[in-house]
Amino acid sequence: MSKLNRISISLEDDLLKRFDEHSLKQGYPTRSEALKTLMRRDLVQSEWDKGKEVAGAISIVYDHHKRGLATKVMTIQHDFGEVIISTQHVHLDHDNCFEIVVVKGLAEKIHELAAALRSVKGIKHHALTMTTAGGA
Ligand code: NI
């Protein structure tokens, strides 16, 4: 674990009050933890913006009865095998499938995969969760 630093920052009363109330509601144990989370979130965003190696999850929900849809989703995943770590498929009910594709690789490639899946006609919901591969 790296050395801890104590810093002091200047900010307006109102901003601090609102931030503390917000952090409490969000469940952060301390102001420091809340600030660290915000700082890391910004660093993660920067990794994605700069096209560095990142990790994430693409979630999709679709009806597997839709003609050709499941095959298309699978074909895209085969095309992007180099950035896919694992895929979890959950049969939500008789019709709906929920798939979580865990990815790691260059941000640009992952955006490309996310866009390819988003473009499949019939996908009911699509979300990309962006996180760090450990660098942030
Ligand atoms: Ni299914």
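Leaving aside neighbours within four places in sequence, which residues is I76 in contact with?

## I76 and its contacts

This is a predicted model, and in it the answer for I76 is L113, A116, L117 and V120, once neighbours within four places in sequence are set aside.

As for where I76 sits, look in helix α3, which covers residues 69-79. I76 counts as buried because its relative accessibility is 12%, and the cut-off for buried is under 20%.

## Helix α2: span and ending

Now over to α2, which takes in residues 31-49, 19 residues in total. From first C-alpha to last, α2 reaches 27 Å, close to the 27 Å expected at 1.5 Å a residue.

What follows α2 is G51, and the phi of this glycine is positive, near 70 degrees.

Which residues of α2 are buried? They are A34, V44, E47 and W48. These four cover an arc of only 140 degrees around the axis, so they end up on the same side of α2.

## What α2 packs against

The buried residues of α2 have both helices and strands to pack against. The helices are α1 (13-26) and α4 (107-118), while the strands are β1 (53-63) and β4 (123-132).

Key
Residues are numbered from 1 along each chain as its sequence is written. This is a predicted model: local features need pLDDT of at least 70, side-chain atom pairs count only at pLDDT 80 or more; totals for chains, interfaces and linings use all residues. Side-chain values use heavy atoms; hydrogens and water are left out. Helices (H or I, at least four residues) and strands (E, at least two) are DSSP runs, numbered from the N terminus. The expected span of a helix is 1.5 Å times one less than its number of residues. Buried means under 20% relative accessible area, exposed over 50%, partly exposed in between (1.4 Å probe, protein chains only). The arc is that of the directions from the helix axis to the C-beta atoms. Contact means heavy atoms within 4.5 Å.
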